Each structure stands twice: as C-alpha cells, then as structure tokens.
Amino acid sequence: MKPQRVGVDVGGTFTDCVVEWADGSISVSKSSSTSPQSIGVINAAGKQNVALKDVLTFTHGTTVATNALIQRRAGPAALLVTDGYGDVLEIQRGNRSRLYDLGYEKARPPIPREDVIEVKERLDSTGGVVAPVDLTEAMQRVEGYYSRGYRSFGICLLFSYLNPSHEEAIAKAIGDRFPDARISMSSRVAPEWKEFERASTTATNAYLIPVVSAYLGDLRDRLKDSGLKSDFFVMQSNGGVMTSLAAESYPSRLVRSGPAAGARAGAVTAAESGFAAALSLDMGGTSTDIALIDDDQVQTRHATELEVGMPLLGGAVDVESIGSGGGSVARVDEYGRLHVGPESVGSLPGPACYGRGGERPTFVDAAVVLGWLDPAHPLAGGEITIDPALAERAVSLVAHDLGVSALEAAAGIVRVGLSKISEGAHAASIGRGRDARKMALVAFGGAGPLVGSLVARELAMDAVAVPPHPGAHSAAGLLLSDFRYDFAQTSIRRASSLTRPELGRLFGDLEAEARTLLDEEGIDREHLRQTRSVEARYAGQTHSVEVILENGNSLDPDAVTAAFHARHEQLYSYALADREVELVTWRVTAEQARAVATAPTIRRTSAPIRSTRRRVTLRLDGDAFAASVVDRSQLGTGDQIAGPAIVTQMDSATLLVPGDLARVDVYGNLVIRKAS
Amino acid sequence: MTQVTPNAVTVEIVRNALETTVAEMSAVMLRTSHAPIFSEGKDYSCALYDRDGVPLAQAHDCPIHLANIQFSLQRALHDLEEGVDEGDIVVVNDPYLGGSHLPDITVFRPICVDGAIVLYAANRAHHVDVGGGAPGSFVANATEIFQEGLRLPPVKLYRRGKPNTDLIRVILKNVRNPDYLYGDLHAQIAALLHADERVRNDLVPRFGLDTILNCRDAILDYSEARMRDAVGRLKPGRFEASDHVDDDGIVDVPLEIKVTVEATNGHLVIDFEGSSPQAAGPVNSVYAVTAGAAYIGVLNSLDGDIPVNGGCYRPIEIRAPEGTVVNPREPAACTAGNTYTAIRIIDTVRRALIRAGAPNVAAGEGEHAQFLAGGTDPASHEPYVFYEMIVGGWGATPTKDGENALYALNANCENTPAEVFETRFPWRIRRRSLRPNSGGTGLHRGGDGMLVEYELLRGTALASSASDRAHFAPYGLEGGSPGQTATFTLIHEGERRGLPSKFGNLEMVAGDVMEIATSGGGGYGAPVAEG
C-alpha cells in the first residue's frame, strides 16, 4: 500500500513518525532521536517501510532552531540598527524574571554587541525621513564582517514598520555587493512597533539562519535522494506549516513549533469529537503544555518569549507551560514542604520505576504505587517496563519525610502535581475569560491520558477526549496542519475617523501580500481562508486587545468598533462605550488547507470487549477500587468502558475514574464523560 | 470548631491556587491598563491578604509595592470606622496612612463568603499624574505633601457594588490626565473583581473555606521558619552601615541613611537610629517605604527563594525614629522617598547585612533616574505628561560582573519603547545606549548605567528630575571601585549646562536636549593587574 502523508516530529528523546496510508489507515512509530536530526527523520520513515517516492506530503517538526537558540549555538550574524541604539539587545526592557536575586543574569543576546552596527539614518514617528541613510559607512562595516565570514545580516531600524525604505536600501546594497548574504529585514520579519521586541526577533532570525538553512538543506537532499518528489513542510510556532524553503528565511518562526504541533493536533481531536471549545493538554516528562481552542481554532498570540529578555514577535500558539510532568521529582524540604517539580529526572535515568538507575521519586512513580499504570504493559512500544517495587522504594523516601505511608505519600505527590496542571488549565481558560465548564479537555502526550479525567473534574469540564495515539499526537498534528502565514502592519488610527475605503486598503494590502507570498511558494490558493483581525484599545491605552473580525462586516467602521467593545467586555467584564477607540496593528492570517479531512478509520467491532481479562487495584483519594484493564487496540467505534478502568496502549495509559464512561468515537478517540 | 492542621499536600494545593490567582490578577491589570508607565512600565502589583491584612500570595510584580501594600491595608482596616462591607472597594494613597507616595494608588476589596470577609484582594499602581505642582507629580522643590498632589485617605470608591461617582469626579478633577487615571483605575478594579470571582467561585467550592483558612497558617509559618533560620545564620553582634542621598533638592546638604542590624535568636532588628532629621524636600521615606525597602534588602541578602508573604516579615523588626528622613512627620514632602531614598535604604541595609555575614553579596547598585515632563503638543493641542525611568547598572558580586541596565531592587518595571514614546509625545529619543565604563572596576566589574538623550521637538515643556547618585557613588566591595555617578545635562542651542539630580519645572523649548547618564554599579574585588 502507498503512503499518502507522513509526519515526523523530532523530540529530545524520541523521533515520532505518523503515516497515513492510501486506505486512510494510520500507523505510528517511535525511534530514538539522532544527531544530526535529519538521519533520524529518514530512519523513522524507513522503520515503517515508507517509500518516499510515493509520499504526497511530508511534514517535519524540528527542534533544531529551538535548541540552537537555547544553547546559543548558531550564527554568526551581524545586526544593523539606528545610530544611538546599538545597545538595544543589551538594554532589553530593564526587567528581570527573579525579584530577589543579586546574581541575576539577563538573557544573553543572540547577537553580541560587537556584532551590532549602528547606521546613520533616522525616521520619525510618522515614518518621515529625519536623516537619510548613510549607505557608504554602513557598507564599509558590512564588508568587514563579510570578510570575516559573516553571511547573515539582520536590519532593524526605528519606525521601519511605517516606512521600510531605509531597511530596503541597505538590504539592496548588501545584496548587490554580496549575492550570497542572507538578509533579515525587521520590516519583513516582524513589521510591528516596539524596537526591542522587533530587534530581538530580527536578530534571532538572522542568528538562526546559518544553522537552520544548513539543516533543512541537508534534510532536503537526503529526502530527495530517498525519492521524495516535492518540497517538504515545516511546522511553525503559529500552528501552521510553511514550505521548507520559506523556513530557511524565517527560522525565528520555528522556535515554539513543538508545543504548536501538539495544540494543533488537539484542535483537530476536539473538532472530531464535536467540541468547538477545548483545552489541549500535552503532558510529557518534564512539563505540561496547555493551549486554548476556541471556535475550532488554536488560540495564538502575537509574541512569545523563550526567556525573559528574548521576545519573539510573530504568531505563536498561546501555550501555558507548567513545570509539572511525568518525570517531575517529588521531595520534602527541611521544613516539611512537599515539592513536586519543577526539577525533573529527564529521559535518563527517568523515573525510578523504569529501572534505569533512577532513584528519586517522580510523579510517574507515585502513579505506579497507586496502581494507575499496569506493570504488565510496557511503555514506549515495549522499550520501558515498569517495576512497581522500585516505584514504591522511591516514593517511600517522601513517605518517610512526611511521616505517612507510601500510599499516602503517592496520593499526595499526584495531587500536588495535578494541582499545578489544573491551575495551568484554569489560567489558560478562565484566566483568559473563557468558561471551562463547556469545554472538552484533549489529553495526550505520554502522561496526559493518565491525568485527563482528574483535571477535567477539577475544572468541572464537560468531557475528555484521548486521541488514538496519545504519545505521538504531536506528530499526528503535523499531518493535520494547514499552511499558515501571518501578516501584520502597525498603523495607528482612530475609530471615529476611519472610513470603509481606508479599512479596505489596510486589509487589502495585507491580503495582497499574502497572495504574493503563497504564489511565490507555489501554494495553491483554492481553499484560502483569510482571517482579518485588528489589535485595538481605548485611546490612551498602550496594551491592545485583538479583535477577530467577521469577514462580512470587517470593512464597516462601526461594526469594528462594536466588536472591540464586545471583546473588551468579554475579556475584562467592562467596556467604555463612550471612549474613543484606537486601532493599532492590523493583521491577516492566511490559511490554506493542505488536504481534506481524513475519513474515519476505526472499524466497528462486533466482538464483546475483553475488558475483564485482568483486574488491578486502583487507588484514588484514599479509596481502593477493583479496576479492569482494557487493551485499546481491541476497541472499536461505539465500544464503551466504565470507570474505574485503565486503558493501555503502546505509548500511554488512560485512567478512567469511578463514574467515568468512555466511548470510542468514529475517529477512534476515546471520549470520556461522567456517566449520567 | 476544631482546628484541623492541614497536611503538606493540601497546603501546596492551596498555595498553587493562591499563586495562580494573583498571577491572573496581574495579567488582567496589564491587559486593561492605559498609561505607558502602567502598561509598558508594569509599575503595579497585585496580592492577596488574609482578613487581618497579612500578605498571603503576591504576583511577580514590583518589590517595593509588594512589601508595603500591607501597611495601607492594615491601617485602612483600623481607621475605617464604618468598616468594610461586601461589594466595597476602598481607595487610598496617603503615605502617612501606610502608603508610599501619592502617585501610587492602592485599591482593595474584601472577598466575602456567606457575608463574612475571608480574604482581601489588593493592588497598587503608579499613576502618571495625581496633580500637585508639576506634571507627573514629582515636585522637586515640594516642602509639604500638599504640593505633591491629591491625597486620599482610605475612602470608598465602591459601596456595596455601586460606584461612588462623586468621589470619582473629585479625583478626576484633580489630576492632569484624567483619561489615563480613569482607565487605569478601571484596570485596578478589574483585577480585584477577577480575584473575587476566582476565590468565591473556584477556590472556596473546591477546597472549602476552612481548609483555605487553615492553610493560611501553614503558608505563613513555612516562610517564617525559613526566614528565622536565615537570620539565625548571621553573626552575633551589631553591624552598621551608612550611605547618603545627595541632597533634598532644596538645601545642598547630604542626608545620611544609617543602619544598624542585630540578629538575636532568629530575630532581626534593623534600626535606623542616627539617620538624618527629616528633610525640607521630598526625599523623605515614610515608614511604610522604609520598612518595605528594609524587607527587600533582607530578602535579597539572606534568601531570595523564600515564598514571600507575611510570614517572612515576622522575624524582622524595623525601628525608624520619628522625625527622620526614614520616618518623617507630616506634612513633610515624600514623593521621592519611594524612589531613590528607598533604593539607598535597600543598599545600606544590604551593606550592614554583608558585614553581618549575609550569604548573598553584591556591591552598591547604580540606580534608575526619573525624568518627567509635560506640556501641550502644539500639533494636536493635547496636553501630555510622561514619566521615564532610566535604569542604572547593578553591583558586581563575588562571582560575577554586575548586570548592565536593570531596574534597581525596589522595582521591576519595563522601559517604554522609543517607538511608543515618540508616537505619543512630541519628543525624540536621539540616543538610548549603555554608558560605557560607568560600572566600577574590580575583579568583577560593576554593570554599566545608561546614556539617554531626549530632544523636545515642538512647543515648550516643563521638565523635572527626581534622581540621585550624582554625588555619592554606588559603593564597591573588597577593593572594587565605586560606580560612576549620574549626570544631568541640558543642551540648549549647542551649549551644555550641568544640572543637579533634582530639579523641577525646568522650562525646555523646542530643540533642547536633556542628556541623562545614570550611575553604574560598584565593582567587587581588587582588579587583577594587567599583563
């Protein structure tokens, strides 16, 4: 059979590969990640006997950009900035992430001060020219860097989001003189106001280009050698994909792509299960990522921050990251306080129960002591077996310090770990003005299905959906993502004096930009979906609120103003109807579906569920329950399982608590509700 | 009712919930605020208090606010004869009733369950202008608080859910930028409402009120125990330190901050006996500011990881003699006491604690300068006021150089981007760079301060500076040299004129440039000889 679509997601430990075959069936594999990642990508496809020549779309999620940035192992690159602002990356915003730390260290800029060039030029706050750009001096400096091997240059000049002509003049001068130089212009990378944020984004982009373009180029060659006929696609931070060629020019857009793929997959699962609003909960070894899905869309923000002092403008999935995962370490300090995380055992040695030399008690060890994981079922496709005796020994350390039994300690550890996740889920939903009670929780990642039902109960959520392959769901997200490009323009207008033609021009320009880019990339525009939005505020406010506009009335100034008041009221429970409204940054998101939705693939079984094959004892809130263990691979559409139960599978285990009723839907998702 | 001691697990869960609640308050404030100092500058703070006004959980906001909102709250609860009812919101900014300085407006609201007050939500925000004798309400030559702006004792902004519109009209008539103030007050209220909702509709149903109240004690006791142990590790005996504020802006005489610390059996006394008498100008630090600054010095020096709440403060006793620059009598002017005097108190307390063997050590901090100006933009005919904080460099530590360009320990704001600033005001920031070599030399160098040039483009403006460290440099340690002092220069038609660190209502005309160079941090250790 021929493979249709392939998604390969590279993580710190495993490379996950999801293949959709010609008959619509899905297969999943896990293999160890490699260095360079490209070898593992090819291996992963090989493991499933995928003939790359037959593949229609190949999508890749990579951590190359993220890791290079975290470890500051990219570059070299130089940054050109307006005269007088050469220290912009050092000064940052003057704030810090720790309040009481005399040894605090600011984020180290991706481009050090000695690689920043001040250019004589100046624009004013309307984009007017105060001083023309001195190209001669700028080029002298650029030549010096070029001769020392620099091939990547960023340009970020003040007010270039209003008037890019100075940046373009420099870019042209560099391009004419050095055709092999790669140039990142802030007016292209992130045409939004606030010079530090824009400079940080531009510098990061320029810094990452040498590493990311080398990596993607290498992978492209390998895929081509293996038979892949078309360009491949790369996951971005905004939850959409772009072509690998575009990714070479905009690597700063990949930095938060890991959580984005998961959130995107969560949105698809929510839609399949019939929920327009949901939280996706991706719980891994060290952390849990929670994202809000509203109206079937993953919620995004327009900036993200890898660390304080290193912001990145551009669309990014709005993820609440909690330092609580399966490998979070539990310890009791000398004052009797129980800590769970943020310290984690990592993939090696891993939790004590994995028997790989770990001795410290973790969240997973506590879950094992409580009987939430069945030792008879190995994890990670058979690579990890669980030893309950080791889990109990580790948890006993905490039990001893707290002066309680191992069972009580285990119950305490999971409750503390869960409370952090529940609080994160709260912040991601109610904290953002949304009612969690009407939402589903899409639980995945290795440990997500274990906690999904409990977190949903804590927030009184409606239901939990566990996708068919929870441990590789991020890779599945790669298959399910559309092209997505975000376009923005800061141009401050007052609502009272705004006209319909002006609105048409503002959005029209952005949409024309979108069409041009898609055409350049050779992307078919047949199903193009463009969403207009504007960041608006009450006159005088600095912080703005994004208002997504209905295409029907997005050119009607009154409707735009009304939509802002309504949005403000929804978010903050007040609106100032008589106040002037300012519209600040205009946005268009262009999404192009890559393929029609997959047909349901899970067969209906007629055989009764063999759920009672094994029974284990499950402990919850101090009570013990006899629970059945169900093999998920035996389940078909329409099958139902009542909690308490454990549903096991190759890469995860789903915990059903008493009162839960889970049903397999036509897509193979396990949808858990409270039994009525 | 029997008191049940909650177990360690329950305490952690309640702690997580309280901490998320204050973080959410802070997020609501940010997204609804108006003025740049507030929304870009993040000069505001949110916290939750028990029914006695003791801090329970605080957001990652501004240290000096977080350390002293409690004094306003406690004093208001004591003073409000009619009491506080469900649905009330109290507003207060009086520095002599537990406040810090007039621009910092505090609001709080009782959170009630079944008609009984169980907690208080409170926040404090620095408003751009609260009236008084200069735009931005930093009145460099003020000699009485009456010149510094509108003064609010604790009064009801909302009474049982209904806004006190008379009061709001009075407030708005007394400030230069009523739109900002009105909007930002709304942001403060929105944050209180969020906390109220969260506690009543989520925390209480989930955990039960008794559990939350029982956890309160455990949360406070934990922080107290850690602080007591940290204090217990200090050397026995009395240790002194002294530093100076340049002058009070009226009389050119330095003001001494004198600190003696003594730790005995886990109890730390910080005594300001010997500090200068209260000043004529606005440099006076009211008691709440002095205590808050001392707390910040202790947290930084002894253990910055203690969860900060009222428990941390239990082992610390502050003695500030009345009538001094660290505890003035009314009606002394005091706006700047919350800025550089507070920073100086933190630095001096730290220095005394270093001598007492504190584990966390850094040389003296360069500090942020405060530059304010206002006028009417001839292009738009709209009045404007801005408040810029230009940060200094941090002191070096025994293991590393000081950081360049960071807010001092009392604050954790964010500078306003030049692109936002120039869009809003008829000014241009010609240069915003580090100030080379302004950090002290040493084995480890002090961090550099900044060099910023503000050019007035149109019309005229009245400019003020409420800054310091122009005479007394941030100290070096163990042979490291002090950081450079700050300078203030007016450039008028090409001519440079040096200004003091404190000036008020200086008239600037189009084309004038104000150049501000902030102080660098002190160095640590004798420099290693070259070559």
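I count two residues as in contact if their C-beta atoms, placed from the backbone, lie within 7 Å. The model I am examining is predicted.

**Entry 1: contact of chains A and B**

Chain B supplies 61 residues and chain A supplies 51 residues. By class, I recorded 28 nonpolar, 19 polar and 14 charged residues on the side of chain B that touches chain A.

**Entry 2: helices 12 and 13 of chain A**

I then examined helix 12 (residues 406-428) and helix 13 (residues 448-458) of chain A, whose axes come within 10 Å and cross at roughly 60°. The two helices of chain A, helix 12 and helix 13, are therefore oblique to each other. I noted that their crossing is right-handed. From helix 12 of chain A, Leu418(A), Ile421(A), Ser422(A) and Ala425(A) meet Val451(A), Leu454(A), Val455(A) and Glu458(A) of helix 13 of chain A. I find six nonpolar, one polar and one charged residues in this contact of helix 12 with helix 13 of chain A.

**Entry 3: nonpolar core**

I looked up the largest nonpolar core, which has 376 residues. Val395(A), Ile413(A), Ala440(A) and Leu441(A) have the most contacts inside it. Helix 7 (residues 195-225) of chain A gives the most to this core, with twelve residues. I also checked Ala440(A): leaving aside residues up to four places away in sequence, Ala440(A) touches residues including Ala270(A), Phe275(A), Met461(A) and Val464(A).

**Entry 4: backbone geometry**

I searched for cis peptide bonds. The bond from Gly643(A) to Pro644(A) is cis, with omega near 0°, and Pro644(A) lies in the loop between strand 29 (640-642) and strand 30 (645-649) of chain A. The bond from Glu330(B) to Pro331(B) is also cis, with omega near 5°. I located Pro331(B) in the loop between strand 11 (316-319) and helix 9 (340-355) of chain B.

Ser137(B) has phi near 60° and sits in the loop between strand 5 (116-126) and strand 6 (155-159) of chain B. Ser137(B) is buried, because 29 other C-beta atoms lie within 10 Å and the cut-off is 20 or more. Asn437(B) has a positive phi of about 60°, in the loop between strand 14 and strand 15 (450-456) of chain B. With 13 C-beta neighbours inside 10 Å, I record Asn437(B) as partly exposed.

Conventions. Residues numbered from 1 in each chain as written. Chains lettered and ligands numbered in written order. Predicted model: local features only at pLDDT ≥ 70, side-chain atom pairs only at ≥ 80, totals over all residues. Axes fitted to C-alpha atoms, helices over the stretch in contact; angles between N-to-C directions. Helix = DSSP H or I, 4+ residues; strand = E, 2+ residues; numbered from the N terminus. Parallel < 35°, antiparallel > 145°, perpendicular 65-115°, else oblique. Left-handed = near helix turned anticlockwise from the far one by under 90°. Nonpolar A, V, L, I, M, F, W, Y, C, P; charged D, E, K, R; others polar. Core = buried A, V, L, I, M, F, W, Y, C linked by C-beta atoms within 7 Å. Buried ≥ 20, exposed ≤ 12 C-beta atoms within 10 Å, placed from the backbone.
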